[in-house]
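Please consult the sequence and the coordinates before reading each solution.

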Amino acid sequence: MAVMVLALSPWFAMAQTPELKTDEAGLARLTSSGTKLAAGEKIAFFGDSITMQGGYIQSIDKALKGRDHTKELGVQLLPHGLNGGRVPTVLEGKSPWGDLGAPMQQLLQNEKPTIVVIYLGINDVWHGDKGTTKDDFETGLKKMIALCRDIKAKIVLCTPSVIGEELKDNQLNQTLNAYAEVTRKLAAAEKLVSCDIHRAFLEKLKTVNAANQHQGNLTYDGVHLNDAGNGLVADLVAGAIADVTAVK
């Protein structure tokens, strides 16, 4: 997806299958008295224009800075959202619509984040013939995982959200789910914390989109998040970060 820069009950899965407190909201768990976040933690986010707009990251940042158990930790959030970004172009650090300033490898080496969140897949499908094959999508994600492990960062691997909010007759989302399945299987094989945003969106839309609308429930255009969508993703990702910090 390529956009103009505007200003800028969790579904978590984990290959190592510890017991997850899925009855608690992710933001609440991350900022609770039991948080495992370390002082000076650095969390990098790699994604597309959803991450570039940064609404869900801002929500996480606000919670971290506003709550007693995390406000003194000095956690840094490092957003790297590439307009129109796909897995291969985020690795390169630039697309026809944007530039991260450096390839992913260089950004990781320069910043040394302790946690990396990867949230990609929409443009890999949405761009059609100019998108990314499933094989190249998986290969690219594996490269990202290797780069993160090179700096000993913990990893959260997210499935893509949606391309259109329709639950009926939505071929793009059917294809997107096949890419989400690549992400799920890779997270399981690599024993990574995964955050199944795609599944969570579909479940939420069952309750809020009875009219089968293209947009207006979790997105403002079928893809880019509105306040409700940003709130849901913030909760999901925060919960996954809480889970990854608990991994020894």
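**Exercise 1: the nonpolar core**

The largest nonpolar core has 73 residues, and those with the most contacts inside it are Phe45, Tyr56, Ile60, Ile118 and Val237. Its largest share, 10 residues, comes from helix α10 (residues 227-245). The model is predicted: local features need pLDDT of at least 70, side-chain atom pairs count only at pLDDT 80 or more, and totals for chains, interfaces and linings use all residues. Residues are numbered from 1 along each chain as its sequence is written, and side-chain values use heavy atoms, with hydrogens and water left out.

Task: State which residues Ile60 touches, not counting residues up to four places away in sequence.

Solution. 
1. A nonpolar core is a set of buried Ala, Val, Leu, Ile, Met, Phe, Trp, Tyr and Cys residues joined through side-chain atoms within 4.5 Å. Buried means under 20% relative accessible area, exposed over 50%, and partly exposed in between (1.4 Å probe, protein chains only).
2. Contact means heavy atoms within 4.5 Å. With residues up to four places away in sequence not counted, Ile60 touches Leu27, Leu30, Phe45, Leu77, Ala234, Val237 and Ala238.

**Exercise 2: the surroundings of His80**

Task: Determine whether His80 counts as buried or exposed, and identify the side chain with which its own side chain makes a polar contact.

Solution. 
1. His80 is placed in strand β3 (residues 76-81); helices (H or I, at least four residues) and strands (E, at least two) are DSSP runs, numbered from the N terminus.
2. Because its relative accessibility is 8%, His80 counts as buried.
3. The polar contact of the His80 side chain is with the side chain of Glu111, at 2.8 Å. A polar contact is a pair of N or O atoms within 3.5 Å; within protein, one must be able to donate a hydrogen and the other to accept it, and residues adjacent in sequence count only if both atoms are side-chain atoms.

**Exercise 3: aromatic pairs**

Task: Describe the aromatic pair formed by Phe45 and Tyr56, then the pair formed by Tyr56 and Tyr119.

Solution. 
1. Rings of Phe, Tyr and Trp (its six-membered ring) pair if their centres lie within 6.5 Å; planes under 30 degrees apart count as stacked, over 60 as edge-to-face and the rest as tilted. A search of the whole structure finds three aromatic pairs.
2. Phe45 and Tyr56 are edge-to-face, with 6.0 Å centre to centre and 75° between the planes. Phe45 lies in strand β2 (residues 42-47) and Tyr56 in helix α3 (residues 55-66), so the pair ties together parts that are 11 residues apart in sequence.
3. Tyr56 and Tyr119 are also edge-to-face, with 5.8 Å centre to centre and 70° between the planes. This pair links Tyr56 in helix α3 to Tyr119 in strand β6 (residues 115-119), 63 residues apart.
4. Phe45, Tyr56 and Tyr119 form one aromatic cluster.
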